[in-house]
Amino acid sequence: TIMQDQKDDNISMNEKADQSKSISDVEPKSDDESKMCLSMISSLSDDEKEKAARTSYRYFVATTSKENKKPSKEERDTCAMAMARRHLRAESGNEEKALKKMRNTIQYREEKKVDVIR
């Protein structure tokens with residue numbers, strides 16, 4: 001409804017995150033997993049980090065809201081880390097394979113204009 005949309009617009013990205021935890025918001029399984037995810041993210045360009053972060057619905061909504069309040073780089077990186085974590089877990093901890101598939105996913109989403117479809 002319109003009232004709900006207006007209410008949602010007034011909720012910050014962090015508050016929305018607290019309200020709707022997803023599998024990607026699960027804490028890292030280990031320090032090694034966190035280090036590997038950070039390594040993956042650090043090898044991405046700023047443009048790739050932005051595209052990776054936009055796979056998070058909450059980040060996508062925050063970047064396309066009417067408020068023009070752009071999320072911080074820290075929020076962007078946190079959401080990009082969630083994508084890195086998903087790929088790392090899918091590849092059973094193989095960082096090189098996970099990074100390659102993550103970049104392929106980013107490229108695919110750009111080619112298919114997934115963010116436009118949303």
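Which residue just after H7 takes a positive phi? Lys 113 does, with a phi of about 55°. This is a predicted model, in which local features need pLDDT of at least 70 and side-chain atom pairs count only at pLDDT 80 or more, while totals for chains, interfaces and linings use all residues. Residues are numbered from 1 along each chain as its sequence is written, and side-chain values use heavy atoms, with hydrogens and water left out.

**The chain as a whole**

- The chain has eight helices and zero strands; helices (H or I, at least four residues) and strands (E, at least two) are DSSP runs, numbered from the N terminus.
- Read along the sequence, the pattern is α-α-α-α-α-α-α-α.
- The chain has 118 residues, of which 35% count as buried. Buried means under 20% relative accessible area, exposed means over 50%, and partly exposed is in between (1.4 Å probe, protein chains only).
- The accessible surface of the chain comes to about 7,900 Å², and 50% of that belongs to carbon and sulfur atoms. Such areas come from the Shrake-Rupley method with a 1.4 Å probe, and for residues only the protein chains shown count as cover.
- Among contacts in the chain with a separation of 6 or more, 68% are between residues 24 or more positions apart. A contact means heavy atoms within 4.5 Å.

**Helix H7**

- Helix H7 holds 17 residues (residues 95–111), which at 1.5 Å a residue should span 24 Å, and its end C-alpha atoms are 24 Å apart, which agrees. The expected span is 1.5 Å times one less than the number of residues.
- Ala 98, Leu 99, Met 102, Ile 106 and Arg 109 are the buried residues named in H7. They cover an arc of only 100° around the axis, so they sit on the same side of H7. The arc is that of the directions from the helix axis to the C-beta atoms.
- An α-helix has 3.6 residues a turn, so residues three or four places apart point the same way.
- On the other side of H7, Glu 96, Lys 100 and Glu 111 are exposed.
- The cover over the buried residues of H7 includes helix H3 (31–42), helix H4 (46–53), helix H6 (73–90) and helix H8 (114–117).
- At the start of H7, the backbone nitrogen of Glu 96 has a side-chain oxygen of Asn 94 within 3.3 Å. A polar contact is a pair of N or O atoms within 3.5 Å; within protein, one must be able to donate a hydrogen and the other to accept it, and residues adjacent in sequence count only if both atoms are side-chain atoms.

**Salt bridges**

- The structure holds ten salt bridges. A salt bridge is a side-chain nitrogen of Lys or Arg within 4 Å of a carboxyl oxygen of Asp or Glu.
- Side chains of opposite charge can pair when their charged atoms come close.
- One of the bridges joins Lys 51 to Asp 47, with the closest N and O atoms 2.9 Å apart. Both residues lie in helix H4, four residues apart, about one turn of the helix. Lys 51 is partly exposed at 22% relative accessible area, and Asp 47 is partly exposed at 46%.
- Arg 54 forms a salt bridge with Asp 115, where the closest N and O atoms are 3.0 Å apart. Arg 54 lies in the loop between H4 and helix H5 (57–64) and Asp 115 in helix H8, so the pair ties together parts that are 61 residues apart in sequence.
- Arg 54 counts as buried at 18% relative accessibility, whereas Asp 115 counts as partly exposed at 23%.
- Asp 115 also meets Arg 109 in a salt bridge (3.0 Å, N to O). Arg 109 is buried, with a relative accessible area of 16%.
- Salt bridges that share partners join Asp 46, Arg 76 and Asp 77 into one network.

**Asp 46**

- Asp 46 is in helix H4 and counts as partly exposed, at 45% relative accessibility.
- Leaving aside neighbours within four places in sequence, Asp 46 is in contact with Lys 73 and Arg 76.
- The C-alpha atoms of Asp 46 and Lys 73 are separated by 9.3 Å, and the two residues are 27 residues apart along the chain.

**Positive phi in two loops**

- Most residues other than glycine have a negative phi.
- Ser 92 is not a glycine, yet has a positive phi of about 50°. Ser 92 is found in the loop between H6 and H7 and is exposed, with a relative accessible area of 71%.
- Lys 113 is not a glycine either, and its positive phi is about 55°. Lys 113 is in the loop between H7 and H8 and counts as exposed at 52% relative accessibility.
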